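The following exercises are to be worked through with the sequence and the coordinates at hand. Each task is followed by a solution in steps.

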Amino acid sequence: MFEVYRKEITWGGKSLIFETGKIARQADGAVMVTYGGTTVLCTAVGASTAKQGVDFFPLTVNYQEKSFAAGRIPGGFFKREGRPSEKETLVSRLIDRPIRPLFHKNYKNETQIIATVLAHDMENDPDIVAIVGASAALTISGLPFMGPIGACRIGWDGNNYILNPTIEQMKDHSLDLVVAGTKEGVLMVESEASELTEEIMLGAVNYGHKEMQNVINAIIELAEVAAKEPRPIPEESSQKKEFTNAIKLLSSGGIGYVKADTIKKNINLVKKYNVYIGKVNPDRGGVNNSKDGKSNVITKIKITSPNEITSETYLVL
């Protein structure tokens, strides 16, 4: 029999249930999250190795709403689900923004997160459920994710903050704020408000961060019994280390500033890594890039010989 783990808390007056071990067992992390009558299955899968030549983090997040979640089957001329709707695209971005910066900087393996709405009670919006579900799936997956995160929606009825208001309640509220973050701080805020004061907006963010702590603690407790062995954190490549050291050496005169004699001494590094140098043209307007505070225009050039270096140059990173 499957070993199923379940964690249930009361959040905002409704039951929030995390369940793993029954569905999508081949994924690195899979959690089915139910809030009220809304259920979302969230899975996280990461490649075992990084592709050669990839210098960025290839993370893909897909949030998908199926018609069967609302008790309907596509019929008529179109008998299948169509392309992602605007809502699905926006919620995918909503999930991506708070989790992307929490992966280790050396992790470059292709990673995919899929959040599928299995049931929708037409009261509780699945977007918040999908965010916390993605966080839980990543936390138990063993991937180098420095989470978990929590998220919630905050409404304002004119006198009090409302945690995770229903779709019907939101019609009468002057605030629709989604906040996501870790135990330590807030990572993302997205809101729509109708002429509210700064105090109310800031209070909503603080209130949301406080209320999401229960969810974060629940995910941690689930991970303590259901998490996989963590993957080893990839080491920084020797080529990238050498490049980083070269940049530090070249910019030893300050952030972005390079002395002419430093470039001449390290012209081999400039050539090797195709470093572009910003040559300063004083008194021609432009942005303030000089050490003395004068306004300069930076001309981007590639240095191939020490003879091309003038008295003052800037490193363009």
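**Exercise 1: The nonpolar core**

Identify the residues that touch the most other members of the largest nonpolar core.

Step 1. A nonpolar core is a set of buried Ala, Val, Leu, Ile, Met, Phe, Trp, Tyr and Cys residues joined through side-chain atoms within 4.5 Å; buried means under 20% relative accessible area (1.4 Å probe, protein chains only).
Step 2. The largest such core has 60 residues, and Trp11, Phe18, Ile95 and Ile99 touch the most other members.
Step 3. Helix 2 (residues 126-141) supplies the largest share of this core, 10 residues; helices are DSSP runs of H or I with at least four residues, strands are runs of E with at least two, and both are numbered from the N terminus.
Step 4. Beyond neighbours within four places in sequence, the contacts (heavy atoms within 4.5 Å) of Trp11 include Leu16, Tyr35, Ile128 and Val215.

The model is predicted: local features need pLDDT of at least 70, side-chain atom pairs count only at pLDDT 80 or more, and totals for chains, interfaces and linings use all residues. Residues are numbered from 1 along each chain as its sequence is written, and side-chain values use heavy atoms, with hydrogens and water left out.

**Exercise 2: Asp125**

Locate Asp125 and state which polar contact its side chain makes with another side chain.

Step 1. Asp125 lies in the loop between strand 6 (111-119) and helix 2.
Step 2. Its side chain makes a polar contact with the side chain of Lys87 (3.3 Å); such a contact is a pair of N or O atoms within 3.5 Å, one able to donate a hydrogen and the other to accept it, and residues adjacent in sequence count only if both atoms are side-chain atoms.
Step 3. The Asp125 side chain also reaches the backbone nitrogen of Asp127 at 3.1 Å.

Note on methods: Buried < 20%, exposed > 50% of the residue type's maximum accessible area, 1.4 Å probe, protein only.
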